[in-house]
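Please look over the sequence and the structure below. A short briefing on the fold, the core and the strand pairing follows.

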Amino acid sequence: MAAYSVPGIVLYQGTPVLQASSCNYQVITDNKDVNTLVLGRAGHSKGAKKVQIQVDNAIPQAGYEIDWPGIAAAQAEIALTFKIANKTYNCVGDVRDVDIKSSVDSPNSLSFTFHGRLVSQL
């Protein structure tokens, strides 16, 4: 039987975000196709690369684990780290798109998207 990696984690200021229920790390290259009349797709041009981290977070009864709405409202640059499969991605950017949800038969939750750049990969 094969062994698989454990779930990934997000760290803010070096501390794991414990209430995260899911996280998604994306590298967005913004590359563009170069199409020509004779050759068709002749290649691509490199775009401005960025990373995006989407986090869904449960809200404990005591309140937010981390004040993501406040961080987004401040529009400040922060450091966020994503760890998965023995890889560490250290990023710098800003928190956007904070979404707070409350519904019947579901725990209260908060999600946000981090947009930034990769500083180091270990």
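The points below are grouped by topic.

This is a predicted model: local features need pLDDT of at least 70, side-chain atom pairs count only at pLDDT 80 or more, and totals for chains, interfaces and linings use all residues. Residues are numbered from 1 along each chain as its sequence is written, and side-chain values use heavy atoms, with hydrogens and water left out.

**Overall fold**
- The protein has one helix and nine strands, where helices (H or I, at least four residues) and strands (E, at least two) are DSSP runs numbered from the N terminus.
- Along the sequence the order is β-β-β-β-β-β-α-β-β-β.
- The C-alpha trace spans about 65 × 45 × 30 Å along its principal axes.

**Nonpolar core**
- A nonpolar core is a set of buried Ala, Val, Leu, Ile, Met, Phe, Trp, Tyr and Cys residues joined through side-chain atoms within 4.5 Å; buried means under 20% relative accessible area (1.4 Å probe, protein chains only).
- The largest such core has 20 residues, and Ile53, Trp68 and Leu80 touch the most other members.
- Elements giving two or more residues to this core include helix H1 (68-74) and strand E7 (78-84).
- Beyond four places away in sequence, Trp68 touches Tyr12, Val17, Ile78, Leu80, Val95, Val98, Leu110 and Phe112, a contact being heavy atoms within 4.5 Å.

**Pairing of E7**
- Two strands pair if DSSP finds at least two bridges between them.
- E1 and E7 run antiparallel, joined by four bridges, and Ile9 stands opposite Lys83 in E7.
- E7 also pairs with E8 in the antiparallel sense, over seven bridges; Lys87 in E8 is the bridge partner of Ile84.
- The E7 and E8 hairpin has two residues between the strands, and Ala85 there takes a positive phi near 50°.

Terms used:
Buried means under 20% relative accessible area, exposed over 50%, partly exposed in between (1.4 Å probe, protein chains only).
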